[in-house]
Amino acid sequence: IKKIKNSILIIAGANDHHQSITKIINIFEKKIKKKYNLIIIQGPYSKDIQIDKNASHGWKVVKAPSSIEKYLSSSEIVITRYGVSFFEALSYKCKIIFFTNNFRKEKDNIKYIIKNNLAIYVNNFDKIEEKMNYLKKLRSENYFFSADHNKKILLTFNQIIFNNYTQKKV
């Protein structure tokens with residue numbers, strides 16, 4: 001599946017307790033002038049997402065799809081919460097901007113991901129446009145899709161599993 005230019009997939013997980021999607025929508029509508037086609041995956045336990053009918057960007061909300069494969073495959077950039085969807089996007093070699101609502105718990109894993117150039121972390125949604133511009137400038141073969149990308153993914157999975165296992169043992 002070919003990537004669609006200026007398409008961004010936004011995923012906040014099964015339940016968006018922190019209303020991350022609403023915050024991201026507001027950032028795009030109030031601060032980002034360039035027009036994008038944005039697809040939001042609404043989790044099965046999330047409240048309905050409201051998009052203003054006069055929105056300046058092209059928004060599409062997909063409610064709890066059985067698979068996100070076609071969305072991952074066709075999106076130029078994925079903005080996602082750190083969790084299962086993050087790892088799905090990683091396995092599809094997507095350009096990822098990710099966030100978490102539990103940095104302290106995930107700090108070691110996030111540092112490992114950043115160190116290995118697997119994704120871009122954003123701790124402030126106001127910086128999304130800056131991060132997207134950075135990702136778009138990167139030649140994919142030089143960053144996310146290097147020859148050892150799959151090896152890095154496996155090492156990341158192993159490191160994160162190890163981190164989580166050792167933290168629970170202590």
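Does Lys63 count as buried or exposed, and at what relative accessibility?

Reply: Lys63 counts as exposed, at 53% relative accessibility, the cut-off for that class being over 50%.

The side chain of Lys63 forms a salt bridge with that of Asp48, at 3.3 Å from N to O. Lys63 belongs to strand E3, whereas Asp48 sits in the loop between E2 and E3, so the pair joins parts that are 15 residues apart in sequence. Asp48 is partly exposed, with a relative accessible area of 48%.

The setting of Lys63 is the sheet. Six strands make up an open sheet with parallel pairing, in the order E3-E2-E1-E4-E5-E6. Strand E3 (58-63) and strand E6 (120-121) are at the edges with a single partner strand each, so one side of each has no neighbour in the sheet. Further in, strand E1 (residues 4-11) pairs with strand E4 (residues 75-81) in the parallel sense over 5 bridges. Within this pairing, Thr80 of E4 is the bridge partner of Ile11.

The chain as a whole contains 6 helices and 6 strands. From the N terminus, the elements follow the order β-α-β-β-α-β-α-β-α-β-α-α. Helix H5 (residues 128-137) lies across E1, E4, strand E5 (96-99) and E6, and runs at about 140° to E4. In helix H3 (residues 84-91), the buried residues are Ser85, Phe86, Phe87, Ala89 and Leu90.

Another joins the side chains of Arg81 and Asp16, at 3.5 Å from N to O. Arg81 is in strand E4 and Asp16 in the loop between E1 and H1, so this pair ties together parts 65 residues apart in sequence. Arg81 is buried, with a relative accessible area of 15%, and Asp16 also counts as buried, at 13% relative accessibility.

A further salt bridge is formed by the side chains of Lys31 and Asp126, at 3.0 Å from N to O. Lys31 lies in helix H1 and Asp126 in the loop between E6 and H5, so the parts tied together here are 95 residues apart in sequence. Lys31 is partly exposed, its relative accessible area being 47%; Asp126 is likewise partly exposed, at 42% relative accessibility.

The loop between E6 and H5 also holds Phe125. Phe125 counts as buried, because its relative accessibility is 16%. Beyond its neighbours within four places in sequence, Phe125 is in contact with Ser20, Lys23, Ile24, Ile27 and Phe99. Phe125 and Ile25 are 100 residues apart in sequence, and their C-alpha atoms are 10.0 Å apart in space.

The interior can be described next. In soluble globular proteins, nonpolar side chains tend to be buried together. Here the largest nonpolar core has 24 residues, and those with the most contacts inside it are Ile8, Ile10, Phe28, Ile79 and Met132. At least two residues of this core come from each of E1, helix H1 (20-31), strand E2 (37-42), E4, E5 and H5. H1 contributes the most, with 5 residues. Phe28, leaving aside neighbours within four places in sequence, is in contact with Ile8, Tyr36, Leu38, His57, Trp59, Ile79, Ile128 and Met132. Another core, of 22 residues, lies apart from it and includes Leu9, Ile68, Val78 and Ile110.

Over the 170 residues of the protein chain, buried residues make up 45%. Of the contacts with a separation of 6 or more, 62% are between residues 24 or more positions apart.

The protein chain has an average pLDDT of 83, and 80% of the residues score at least 70. Among its elements, E2 has the highest mean pLDDT (95), and helix H6 (residues 149-169) has the lowest (61). Where pLDDT is low, the predicted coordinates should not be read in detail.

Notes: Residues numbered from 1 in each chain as written. Heavy atoms only, no water. Pairing = 2+ DSSP bridges. Helix = DSSP H or I, 4+ residues; strand = E, 2+ residues; numbered from the N terminus. Contact = heavy atoms within 4.5 Å. Axes fitted to C-alpha atoms, helices over the stretch in contact; angles between N-to-C directions. Buried < 20%, exposed > 50% of the residue type's maximum accessible area, 1.4 Å probe, protein only. Core = buried A, V, L, I, M, F, W, Y, C linked by side-chain atoms within 4.5 Å. Salt bridge = Lys/Arg side-chain N within 4 Å of Asp/Glu carboxyl O. pLDDT = per-residue confidence, 0-100.
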